[in-house]
Amino acid sequence: MAASYSDAKSPERVQMSLVAIGINHKTATVDLREKVAFAPDKIHEAMRSLAKETQSGEAVIVSTCNRTELYCNTENAEQVVRWLEDYHGLSHEEVAPCLYQHCGQPAVQHLMRVASGLDSLVLGEPQILGQVKQAFAKAKESGTVALTLDRLFQNTFAVAKKVRTETEIGTAAVSVAFAAVSMAKHIFSSLAATKVLLIGAGETIELVARHLKENGVTSMVVANRTISRAEAMCEEFNAQAITLEQIPDFLPKADIVISSTASPLPILGKGMVEKALKQRRHQPMLLVDIAVPRDIEAEVGDLDDAFLYTVDDLQSIIEQNMASRREAAEQAEVIAEEHSHQFMEWVRSLESVDSIREYRTQSMAIKDELVERAMNKLAQGADTEQVLLELANRLTNRLIHAPTQALTAASRQGDLNALGQLRTALGLDKH
């Protein structure tokens with residue numbers, strides 16, 4: 001499963017040392033994802049353990065409800081897998097079939113795709129970028145980030161921002177809650193001044209409330225059969241909690257009504273809404289029914305000044321927007337791939353700097369050795385011209401020895417590509 005890293009001097013050594021190993025909603029059940037997740041209060045200790053046990057010195061763990069991913073700068077990916085299994089006390093047979101692994105440039109591209117929302121359950125969702133940033137911040141606190149991973153994650157955040165600004169992957173509503181609020185934004189020039197009545201207190205309504213708050217809504221009333229559940233949700237949004245029986249008293253004040261309950265019968269009837277509109281002196285009211293079965297009688301849509309939309313209306317919007325997001329995702333994929341290659345060029349430049357330094361040090365050592373030998377001969381009275389000639393010959397032979405061997409090996413093996421690269425490096429093809 002893991003790549004082999006047997007040749008530490010290979011040109012691929014630095015590239016292959018970037019490893020991403022993970023498990024997500026596409027590869028594993030919720031049960032297994034829960035088992036490999038890292039508790040927030042344990043994450044610092046876990047990253048330090050991973051960095052130490054793999055001798056990588058660098059490690060970042062991204063752990064959310066939908067994914068757990070380990071990013072390391074190590075030459076032993078199998079050791080990272082073993083660490084994950086051992087840390088959670090899981091067998092290789094249980095974990096390995098659900099793991100995915102990327103090394104080098106694919107690992108860089110994967111992280112950039114994740115942060116840009118291209119690998120999410122909901123294509124283009126923005127929350128994952130914040131989660132990746134939080135994971136990176138915790139790794140910095142843990143002391144498990146050095147040059148390579150620091151540069152990788154900083155570049156990744158820049159790529160995610162570029163994807164957001166240069167494509168429309170995050171602009172189209174692809175959830176019912178988001179679509180409901182988007183519908184309201186199309187009808188009201190500004191949501192900040194609107195009064196909203198939310199019916200229900202489940203996850204969908206909570207998400208609607210969050211989107212409304214993000215759009216500046218400050219006046220929200222939450223009606224629910226169980227008042228305690230409504231009150232718990234209202235604390236977060238500074239809203240007012242009421243019972244379903246109190247709806248007629250609050251309905252006339254509502255510019256927007258969004259309902260999502262599990263009620264088997266409609267909660268808002270035509271008569272109740274008609275009465276509320278009269279009290280509003282026929283100021284328009286937007287009603288969005290995202291419940292199945294319906295919370296609002298279909299006849300409400302026949303009333304003047306009442307604009308009723310159902311979950312089916314929103315679904316058609318979502319389908320159009322998903323198509324739009326998929327198109328934007330294609331542009332985002334190109335951005336991620338391009339920047340992952342650019343990052344690997346930077347990584348390889350680090351290797352080239354090390355190689356140049358090593359080659360220069362080696363050459364200077366040869367020079368110093370031969371000059372010292374020549375100076376000793378001169379001190380012993382040897383002929384100056386003969387010493388200089390011998391120094392030049394010995395220095396030339398020592399410096400061309402390795403390139404000559406490489407040229408000979410490439411020629412014997414018929415490796416024209418290597419032969420061409422060697423000729424270029426040695427300046428033999430200059431005209």
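Phe343 and Trp346 both sit in helix α14, three residues apart, about one turn of the helix. Helices here are DSSP runs of H or I with at least four residues, strands are runs of E with at least two, and both are numbered from the N terminus. An α-helix has 3.6 residues a turn, so residues three or four places apart point the same way. Both Phe343 and Trp346 are buried, where buried means under 20% relative accessible area, exposed means over 50%, and partly exposed lies in between, with a 1.4 Å probe and protein chains only.

This is a predicted model, in which local features need pLDDT of at least 70, side-chain atom pairs count only at pLDDT 80 or more, and totals for chains, interfaces and linings use all residues. Residues are numbered from 1 along each chain as its sequence is written, and side-chain values use heavy atoms, with hydrogens and water left out.

## Other aromatic contacts

A search of the whole structure turns up eight aromatic pairs. Rings of Phe, Tyr and Trp (its six-membered ring) pair if their centres lie within 6.5 Å; planes under 30 degrees apart count as stacked, over 60 as edge-to-face and the rest as tilted. One of the pairs joins Phe38 and Tyr87 in a tilted arrangement, 5.3 Å centre to centre and with 35 degrees between the planes. This pair links distant parts of the chain: Phe38 is in the loop between α2 (30-36) and α3 (43-53), while Tyr87 is in helix α4 (residues 77-88), 49 residues apart. Phe38 counts as buried at 8% relative accessibility, whereas Tyr87, at 28%, counts as partly exposed. The Phe343 and Trp346 pair is tilted too, at 5.4 Å centre to centre and 40 degrees between the planes.

Tyr71, Phe136, Phe153 and Phe157 come together in one aromatic cluster. Lys133 lies over the face of Phe157, 5.7 Å from the ring centre, and Lys253 lies over the face of Phe250, at 5.3 Å from the ring centre. For such a placement, NZ of Lys or CZ of Arg must be within 6 Å of the ring centre and within 35 degrees of the ring normal.

## Domains and nonpolar cores

The chain is divided into domain 1 (18-172), domain 2 (176-317) and domain 3 (357-426), with bounds that come from an automatic or database domain assignment. Between domain 1 and domain 2, the C-alpha centres lie 39 Å apart.

In soluble globular proteins, nonpolar side chains tend to be buried together. A nonpolar core is a set of buried Ala, Val, Leu, Ile, Met, Phe, Trp, Tyr and Cys residues joined through side-chain atoms within 4.5 Å. The largest one has 63 residues, of which Ile61 and Phe153 touch the most other members. Helix α14 (residues 311-379) gives the most to this core, with nine residues. A second, separate core of 30 residues includes Leu191, Met220, Phe237 and Leu286.

Leaving aside residues up to four places away in sequence, Ile61 touches Phe38, Ile43, Ala46, Met47, Leu50, Glu69, Leu70, Trp83 and Ala135; contact means heavy atoms within 4.5 Å. Val132, in helix α7 (residues 127-142), counts as buried at 0% relative accessibility. With the sequence limit applied again, Val132 touches Val62, Leu111, Val114, Ala115, Phe153 and Phe157.

Helix α6 (residues 105-115) is largely enclosed by the rest of the structure, because 10 of its 11 residues are buried. Among them are Leu111, Val114 and Ala115, along with His110 and Arg113. Just after α6, Gly117 takes a positive phi of about 80 degrees.

## Loops and backbone geometry

UniProt, in an unreviewed entry, lists Cys65 for "active site"; its positions are given in the numbering used here, feature names are shortened, and annotations may be inferred rather than shown by experiment. Cys65 is in the loop between β2 (59-63) and β3 (67-73) and is exposed, with a relative accessible area of 62%.

Most residues other than glycine have a negative phi, and most peptide bonds are trans. The peptide bond from Val292 to Pro293 is cis, with omega near 0 degrees, and Pro293 is in the loop between β9 (285-289) and β10 (306-310). Asp305 is found in the loop between β9 and β10 and has a positive phi of about 75 degrees although it is not a glycine. Arg281, in the loop between α13 (270-279) and β9, has a positive phi near 55 degrees. At 75% relative accessibility Arg281 counts as exposed, while Asp305 is partly exposed at 25%.
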